[in-house]
Amino acid sequence: MIDARAVADYPLVLEGKVREVRAVDDERLLIVATDRISAYDWIMPTPIPGKGAVLTALSAHWFGITDHIVPNHLIELVGDRAMLVRRLEMLPVECVARGYLAGSGWADYRATGAVCGHPLPPGLRQADRLPAAIFTPATKAAEGHDENISRERAAELVGADVLAEAERVTLALYAFAAERCARAGIILADTKFELGRDRDGRLVLGDEALTPDSSRFWPADAWEPGTSPPSFDKQYLRDWLDASGWDRASAPPPLPPEVVEGTRVRYDEALRRITEVEE
């Protein structure tokens with residue numbers, strides 16, 4: 001048992017845009033979710049109060065109900081924003097599942113008629129549901145934005161057999177989570193997972209799972225194809241940044257109180273809806 005008050009005493013081995021990773025021993029790590037929020041590859045100068053606790057609670061929730069699909073790295077929660085986890089050898093790709101046409105997938109479709117090499121029917125609109133969910137791997141960038149890559153390139157990075165297993169797991173997780181979200185009145189448009197290998201060579205789900213930082217959550221009653229639907233994630237923040245005149249090349253502006261509160265409310269709503277779905 002690790003005392004939540006002692007988390008900061010463990011050595012910091014990695015600091016990402018949102019999370020801090022601290023070493024416990026050769027087999028365990030502490031992953032701490034801060035209240036930082038990022039957009040367009042920048043960390044915003046203003047935190048979102050309680051955001052780290054929401055990310056931790058949602059990840060723990062999903063880890064707890066998806067272990068019949070794939071094991072995960074969670075050992076136990078430490079306070080409200082830290083997870084004690086098993087060390088994994090992470091795959092050098094992000095495992096993305098898309099069920100709707102949005103974000104970079106929408107841009108790709110408009111340019112090529114396909115999404116990451118998956119041919120799609122002509123005439124689809126922004127936010128349309130895809131004929132079937134698709135797997136679109138991406139590179140994991142230490143800095144800057146992750147980039148979509150072809151399945152062939154992903155297979156070169158991890159091996160064809162590992163990629164096939166990762167695709168199967170990713171789409172199974174997406175199908176399960178999309179059904180649970182639908183029962184909460186939420187459309188899971190897309191999401192990304194990080195998978196790794198444990199000491200026994202098993203594929204294991206790591207990092208976070210199905211949070212507003214890693215997923216696109218739309219309220220089902222406001223979904224309208226042909227538009228950019230409202231969301232329970234950081235699209236609200238991106239929309240404000242787009243309208244603010246920020247050039248994305250210089251440091252981002254401080255977030256006004258109404259944007260901080262609007263973002264916080266959306267994250268809290270995602271947590272409330274998803275965790276209140278009955279088993």
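**Strand pairing and nonpolar cores**

Strand β9 (residues 93-100) pairs with β14 in the antiparallel sense over 4 bridges; two strands pair if DSSP finds at least two bridges between them. Helices (H or I, at least four residues) and strands (E, at least two) are DSSP runs, numbered from the N terminus. This is a predicted model, in which local features need pLDDT of at least 70 and side-chain atom pairs count only at pLDDT 80 or more, while totals for chains, interfaces and linings use all residues. Residues are numbered from 1 along each chain as its sequence is written, and side-chain values use heavy atoms, leaving out hydrogens and water.

**Strand β14 and its partners**

- Because 10 of the 12 residues of strand β14 (residues 186-197) are buried, β14 is largely enclosed by the rest of the structure; buried means under 20% relative accessible area, with a 1.4 Å probe and protein chains only.
- V96 has K192 in β14 as its bridge partner.
- Strand β16 (residues 215-219) runs antiparallel to β14, joined by 5 bridges, and I187 stands opposite W218 in β16.
- β14 and β15 form a hairpin with 5 residues between them, and G201 in the turn has a positive phi of about 85°.

**Nonpolar cores**

- The largest nonpolar core has 63 residues; such a core is a set of buried Ala, Val, Leu, Ile, Met, Phe, Trp, Tyr and Cys residues joined through side-chain atoms within 4.5 Å.
- Helix α4 (residues 160-183) gives the most to this core, with 8 residues.
- A second, separate core of 9 residues includes L101, Y109, L120 and L124.

Conventions
Buried < 20%, exposed > 50% of the residue type's maximum accessible area, 1.4 Å probe, protein only.
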